[in-house]
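Please open the model in your viewer and keep a selection tool at hand. The tour below goes from one selection to the next and says what is found at each stop.

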Amino acid sequence: MRVVLVGYGSVGRAFARMLADRAHGLYSATGLSPRLVCVVDSRGAAVSPGGLDVEALNNAKDVGGSVGTLAKFGMGSVLGSTDVSALIRDIAADVVVESTPSALKNPGPALANLKAAFSSRKHAISVNKAPLALAMPALLELARYNRVEFRYSGTVGAGTPVLDTARKLAQGDRITRVRAILNGTTNYILWRMREAGASYEDALAEAQKLGFAESDPSTDVDGVDTATKVVILANTILGGGGGVGIGTLRPTMSDISITGIRAVDRGQIERATGRGHVVKLIGEIDTMTRRLSVSPQEVPAAGPLDVPRALNAVQFTLESAGEVSLIGRGAGGPETATAIIRDLVDIWNTPGVHE
């Protein structure tokens, strides 16, 4: 299976390394033998129909600043979004992996990459949340129209199989509610405010020092990152995916109510503690009312949603089976790369893909 990888940051590099390290195991277990025929970063691209070597790619990136400096296979030093889309359309490949950074304010390039993949009859995998949060219904329809597969399990929960779990649960029962912690930065901040008695400002500064929070943390602390993931998860369980009692709603970011954690103070944390609760930033889906929201909420201390540090947690409420919870790491290059591998195998195992 010939793979185009767009985005060569921490996730892209981890994915390339896993492909190389797990090549024998993948083939033995599934018959899948993927090879990178094209890798694109923000400054260039490298192309080889016979496959690209990960060590050579990393050396070109580290020394030359771009995979485009790779000897023999490098393509220029600068690629615009139009050039990337054209490259995707023209190259002989089977799957396009979109792993560029999520940018809700500028989703155009990532959207163009996915549309170029679909229009040229290539399957696609995205770990970029932005195009799905803003145009997921259109992307799903475009993939169906072109009869290609589209996977995106790494957009919610990284390597923790949140979306796969949701699909499986919905096959045999009705999901009535989802409550989830989907952002490690805010979870760390609220955890430190409770555990260490830190102020919001001090906990945020600590999260930034440890690398959990960006210098501009607004996407995280204002609840936007959580909201994008709630929208993707809601599309999975509300969007007519074949589950029991699932409707046909295809929500977007305009359908969700968002409140971040900037206003959470020590008093709120202490009052919750006195009631045996903790404060968490909760993304919620009520499938009965079709209401989506993100807000700081109290949850029982030591309950399924009381997870420490930067962990994620998802609690599904089922009509017949009750509550099912899932806990795991929700971010990180290697963690997200495992989701890409999982999606690649899933596409390979789809009937008709390689017959």
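Helices (H or I, at least four residues) and strands (E, at least two) are DSSP runs, numbered from the N terminus. This is a predicted model, in which local features need pLDDT of at least 70 and side-chain atom pairs count only at pLDDT 80 or more, while totals for chains, interfaces and linings use all residues. Residues are numbered from 1 along each chain as its sequence is written, and side-chain values use heavy atoms, with hydrogens and water left out.

Begin by colouring by pLDDT, the predictor's confidence in each residue, from 0 to 100. The chain has a mean pLDDT of 91, and 95% of its residues reach 70 or more. Residues 240-248 stay under 50, and for them the model has 21 contacts (heavy atoms within 4.5 Å) beyond four places in sequence.

Next, select Ala158, which sits in the loop between E7 and helix H7 (162-172). Ala158 has a positive phi of about 55 degrees although it is not a glycine; most residues other than glycine have a negative phi. With a relative accessible area of 2%, Ala158 is buried, where buried means under 20% relative accessible area, exposed over 50%, and partly exposed in between (1.4 Å probe, protein chains only). Glu335, in helix H13 (residues 333-348), touches Ala158, Gly159 and Arg329 when its neighbours within four places in sequence are left aside, and at 19% relative accessibility Glu335 also counts as buried.

Now move to Arg147, in the loop between H6 and strand E7 (150-151).

Axes are lines fitted to C-alpha atoms, for helices over the stretch in contact, and angles run from 0 to 180 degrees between N-to-C directions. Among the residues that make the contact are Leu111 and Phe118 of H5, and Ala135 and Leu139 of H6.

The next selection is an open sheet of 6 strands in the order E9-E11-E10-E8-E12-E13, with mixed pairing; two strands pair if DSSP finds at least two bridges between them. Its edge strands, each pairing on one side only, are strand E9 (256-258) and strand E13 (322-329). Strand E8 (residues 175-181) pairs with strand E12 (residues 311-318) in the antiparallel sense over 6 bridges, and Arg179 has Gln315 as its bridge partner in E12. Helix H11 (residues 224-238) packs on this sheet, touching E8, E9, strand E10 (277-286) and strand E11 (291-300), with its direction at about 40 degrees to that of E10.

Finally, display the nonpolar cores, each a set of buried Ala, Val, Leu, Ile, Met, Phe, Trp, Tyr and Cys residues joined through side-chain atoms within 4.5 Å. Of the 73 residues in the largest core, Phe150, Ile189 and Ile285 touch the most other members, and H11 supplies the largest share, 8 residues. A second, separate core of 32 residues includes Ala60, Ala337, Ile340 and Trp348. End on Ala60, which lies in helix H3 (residues 54-64) and is buried, with a relative accessible area of 6%.
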